[in-house]
Amino acid sequence: MQSAESIPTPIGTKAERTRRRLLDAALTLLERHGYHDLKVTDVAKTAGVAAGVFYIYFKDKNALVLDLLDELSEANVEAVFSGPRTDDPFEAVLAANRAYVHRFVGGGGLNRALAQIVDALPEARQRWQAMNARVAQRIAAGIARRAPDSTAHESARVFAALALQAMLDTVLLQTFAYQFPDLADLRGDPERLAQAISILWYRALFGTCPRAEQVPRATDFLTFNLKPSGLSQ
């Protein structure tokens, strides 16, 4: 028989499960009501614990939402970069953007709440920026692998990655969180959205378009004329 010291601590102890219930309850309430109306008493009630139990695990509601932000940020990074490896640069762009788009699908209220948290809490903003910086560095490294001549322009590569990230975040918030009317058709077709945004990324990064068969739901984004009138060929 094993001694108590040699028995591994079981995964999912009561304390871990209680903490998880509080986090899950907060997620539910954030999606329904947003950050500003989130109350500790409501989180505890939804989790099925006494209000005093909340403070065993979290200093206040801001500590809780910061932990949630860290969890969701890590899940986003994992989703974006855990896809299959490919030597085709456009397929790599599309796979990452597709994964990120699907993180937003169906989470309108939660996406709005996360935007409120980042806007309201300086520490949340710092953590979000740190996550974006990590992602940008990985995107920039990917650009360098596929375009070795770009290694002499590291700051430009990182800036391009950050700018494209910002574009994607804004488009996805407008599409899924704020229900922008002009984006309704893309909201109803996440694959078309992923293909369309990936065409713009690919053009910005590599100055060319993917093959039509790679973007069957967004071929119109390949064919519309982007050249201003009056420019010579």
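Helices α6 and α8 are oblique to each other, where angles under 35 degrees count as roughly parallel, over 145 as roughly antiparallel, 65 to 115 as roughly perpendicular and the rest as oblique. They belong to a predicted model, in which local features need pLDDT of at least 70 and side-chain atom pairs count only at pLDDT 80 or more, while totals for chains, interfaces and linings use all residues. Residues are numbered from 1 along each chain as its sequence is written, and side-chain values use heavy atoms, with hydrogens and water left out.

**Chain overview**

- Along the sequence, the pattern of the protein chain reads α-α-α-α-α-α-α-α-α-α-α.
- Of the 233 residues in the protein chain, 39% are buried (buried is under 20% relative accessible area, exposed over 50%, partly exposed in between, with a 1.4 Å probe and protein chains only).
- The protein chain has an accessible surface of about 13300 Å², and carbon and sulfur atoms hold 55% of that surface (Shrake-Rupley method, 1.4 Å probe; for residues, only the protein chains shown count as cover).
- Counting contacts in the protein chain between residues at least 6 apart in sequence, 64% join residues at least 24 apart (contact means heavy atoms within 4.5 Å).

**Packing of α6 with α8**

- The axes of α6 (residues 108-120) and α8 lie 9 Å apart, at an angle of about 135 degrees (axes are lines fitted to C-alpha atoms, for helices over the stretch in contact, and angles run from 0 to 180 degrees between N-to-C directions).
- The crossing of α6 past α8 is left-handed (left-handed if the near helix is turned anticlockwise from the far one by less than a right angle, right-handed if clockwise).
- On the α6 side the contact is made by Gly108, Asn111 and Arg112, and on the α8 side by Leu173, Phe176 and Ala177.
- By class, the contact of α6 with α8 has three nonpolar residues, two polar and one charged (Ala, Val, Leu, Ile, Met, Phe, Trp, Tyr, Cys and Pro count as nonpolar, Asp, Glu, Lys and Arg as charged, and the others, Gly among them, as polar).

**Packing of α8 with α10**

- Helix α8 (residues 154-177) crosses helix α10 (residues 190-206) at roughly 160 degrees, and their axes come within 11 Å.
- At that angle, α8 is roughly antiparallel to α10.
- The crossing in which α8 passes α10 is right-handed.
- From α8, the residues in contact are Ala160, Leu164, Gln165, Met167, Leu168, Val171, Leu172, Thr175 and Phe176; they meet Leu193, Ile197, Leu200, Trp201, Ala204 and Leu205 of α10.
- The contact of α8 with α10 consists of 13 nonpolar and two polar residues, with no charged residues.
- Phe176 of α8 is in the contact with α10 and also in the contact with α6.

**Packing of α5 with α10**

- Helix α5 (residues 89-104) and α10 cross at roughly 135 degrees, with axes that come within 8 Å.
- That angle makes α5 oblique to α10.
- The crossing of α5 and α10 is right-handed.
- Pro89, Phe90, Val93, Leu94, Asn97, Arg98, Val101 and His102 are the α5 residues in contact; in α10 they meet Pro190, Glu191, Leu193, Ala194, Gln195, Ile197, Ser198, Ile199, Trp201, Tyr202 and Phe206.
- The contact of α5 with α10 divides into 13 nonpolar, four polar and two charged residues.
- Leu193, Ile197 and Trp201 of α10 meet α5, and Leu193, Ile197 and Trp201 also meet α8.

**Residues in loops**

- Phe58 sits in the loop between α3 and α4 (61-81) and is buried, at 3% relative accessible area.
- Leaving out residues up to four places away in sequence, Phe58 touches Arg19, Leu22, Leu23, Ala63, Leu64 and Asp67.
- Phe58 and Val40 are 18 residues apart in sequence, and their C-alpha atoms are 9.9 Å apart.
- Gln179 is in the loop between α8 and α9 (184-187) and is partly exposed, at 41% relative accessible area.
- The phi of Gln179 is near 55 degrees, a positive value in a residue other than glycine.

**Residues in helices**

- Val53 lies in helix α3 (residues 51-57) and is partly exposed, with a relative accessible area of 23%.
- From Val53 to Arg19 the separation is 34 residues in sequence and 9.5 Å in space, C-alpha to C-alpha.
- Gln129 lies in helix α7 (residues 122-146) and is partly exposed, with a relative accessible area of 48%.
- Gln129 is eleven residues from Val118 in sequence and 9.5 Å from Val118 in space, C-alpha to C-alpha.

Note on methods: Helix = DSSP H or I, 4+ residues; strand = E, 2+ residues; numbered from the N terminus.
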